[in-house]
Amino acid sequence: MTLQSTQERMRELRLHGMLEALAHQQSQASYSSLGFEQRLAHLVDAEQSHRDTQRLQRLLKSAKLKHSATPEAIDYRHSRGLDRGLVADLLTCGWIERQQNALITGPTGTGKTWLACALGTQAARQGHSVLYRRTGRLLEEMDVAHKDGSLAKLRGQLVKTKLLILDDFGLTGLNALGRSDLLEILDDRVGTGSTIMLGQMPVKDWHAFINDPALADAILDRLIHSSHKLELKGDSMRKRKSASAK
C-alpha cells in the first residue's frame, strides 16, 4: 500500500489528527531517527489530542456560554469577596461529579456571570456537558413547550446536561407556572447533574421572592442542599474598567 493510499484510508476513517501528524513526520527529518513504535505512538497521541480538542469545541458550542471566560483569566486582585480556595476547589469539578450545586450572588457588575462561565469552560474541558440559560428566558421556553408539545424534549435536554447555569435568578418575578417549572427542572437534576444559580439578591431572600411557601421550600431544598456559596461584593467591575479606560 502506498503512502497516498494510506492517507486516503485515514481520511475515510476520519483519523484527521493522525493524518496531520503523519504529514508533519514526513516533513521533519528528525523523525527518521525514531523507531516504528515511537513514531506510531506520536501518531496515536496526535489523534487523541485532535479528538479531545474537537470534543471540547462541540461542548463549548452547545453550552452557549455568555462569555468566553477561562479559569486562567479569573481576576482575584479586586476586593469582591472571591474565595480563592473555594474557586480552586470548584475548578477541580469534583462537585459536579458529586451532583452538587453552586450559588453565586452579589450586586450587578461584580463578575458573577463571567465566573460562572469560567467554571462552565473548566467543566467542558473535563468532558462535562454544559448549558447556560437566563432563568427568565428558560422559563419562557418552558411555557412555549407546554403549548407546542415539546416539553418532554426540553426537559430531556436539561436533565442530560451535567452542568446547568441559570443566570439572573430573581431579576423577573415568577408566576405559578414558572415556580412549578423551576421545581421540575431542579427535581429532575437531583442525583443526575449540577446547577449554578446566579442572582443579585442574597440567598436568604430567595424564599420570599418565590412567594409560595410550599414551592419555595421544595425548590430551595433541592437547590441549596450540599451547595457551594460564593457571595461577591464591591463595585461594578464594568464601571471600574470603563473608568480605567478613560
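Helix H7 supplies the largest share of the lining of the second largest pocket, namely six residues. The model is predicted, so that local features need pLDDT of at least 70 and side-chain atom pairs count only at pLDDT 80 or more, while totals for chains, interfaces and linings use all residues. Residues are numbered from 1 along each chain as its sequence is written, and side-chain values use heavy atoms, with hydrogens and water left out.

A pocket is an open set of points on a 1 Å grid over the protein atoms alone, where a 1.4 Å probe fits, with protein on both sides within 12 Å along at least five of seven lines; lining residues have an atom within 4 Å of a point. The lining of the second largest pocket consists of 18 residues, and Gly136, Arg137, Leu139, Glu140 and Thr172 lie nearest the centre. Two or more lining residues come from each of helix H7 (135-148), strand E3 (163-169) and helix H9 (176-189). Helices (H or I, at least four residues) and strands (E, at least two) are DSSP runs, numbered from the N terminus.

The protein chain contains 12 helices and five strands. Its C-alpha atoms fill a box of roughly 75 × 50 × 35 Å along the principal axes. Of the 246 residues in the chain, 41% are buried, that is, under 20% relative accessible area (1.4 Å probe, protein chains only). Among contacts (heavy atoms within 4.5 Å) with a separation of 6 or more, 80% join residues 24 or more positions apart.

How values were computed:
Buried < 20%, exposed > 50% of the residue type's maximum accessible area, 1.4 Å probe, protein only.
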